[in-house]
Amino acid sequence: MTLEKARELLATQAGFGGGYNRHGARLILAEVQREHGQAAADALIRELRLEAVFGFTPESGPIK
């Protein structure tokens with residue numbers, strides 16, 4: 001998955017919020033982490049403010 005596609009999908013998930021969307025966002029971030037590394041996943045968490053929406057933190061990654 002490209003980072004641009006991940007950004008697009010995560011923005012959609014964040015727009016809806018909620019538990020099911022949190023899980024979807026977590027799966028997307030896990031794939032980004034696997035393909036592009038933790039730094040890329042952290043950058044998306046910060047850029048899309050996923051800490052405020054889903055509680056993800058850049059340091060811990062998407063899996064909590």
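Glutamate 47 and arginine 7 join their side chains in a salt bridge, with N and O 2.7 Å apart. This pair ties together distant parts of the chain, since glutamate 47 lies in helix α3 and arginine 7 in helix α1, 40 residues apart. A salt bridge here is a side-chain nitrogen of Lys or Arg within 4 Å of a carboxyl oxygen of Asp or Glu. Helices are DSSP runs (H or I, at least four residues), numbered from the N terminus.

A word on the model before going on. It is predicted, so local features need pLDDT of at least 70 and side-chain atom pairs count only at pLDDT 80 or more, while totals for chains, interfaces and linings use all residues. Residues are numbered from 1 along each chain as its sequence is written, and side-chain values use heavy atoms, with hydrogens and water left out.

## The other salt bridges

By this rule there are three salt bridges. Arginine 7 also pairs with glutamate 4, their closest N and O atoms being 3.0 Å apart. These two are three residues apart in helix α1, which means that about one helical turn separates them. Together, Glu4, Arg7 and Glu47 are linked in a network of salt bridges.

Glutamate 8 and lysine 5 form another salt bridge, and here the closest N and O atoms are 3.7 Å apart.

Arginine 7 counts as partly exposed at 25%, and glutamate 47 is partly exposed at 42%. The terms follow relative accessible area with a 1.4 Å probe and protein chains only: buried is under 20%, exposed is over 50%, and partly exposed is in between.

In the other pair, glutamate 8 is partly exposed at 46%, and lysine 5 is partly exposed at 38%.

## How the helices pack

Helix α1 (residues 3-16) and helix α3 (residues 38-47) pack at an angle of about 35°, and their axes are 11 Å apart. Axes are lines fitted to C-alpha atoms over the stretch in contact, with angles running from 0 to 180 degrees between N-to-C directions.

Leu3, Ala6, Arg7 and Leu10 of α1 meet Ala40, Leu44 and Glu47 of α3, where contact means heavy atoms within 4.5 Å. The residues of this contact divide into five nonpolar, no polar and two charged.

Methods: Nonpolar A, V, L, I, M, F, W, Y, C, P; charged D, E, K, R; others polar.
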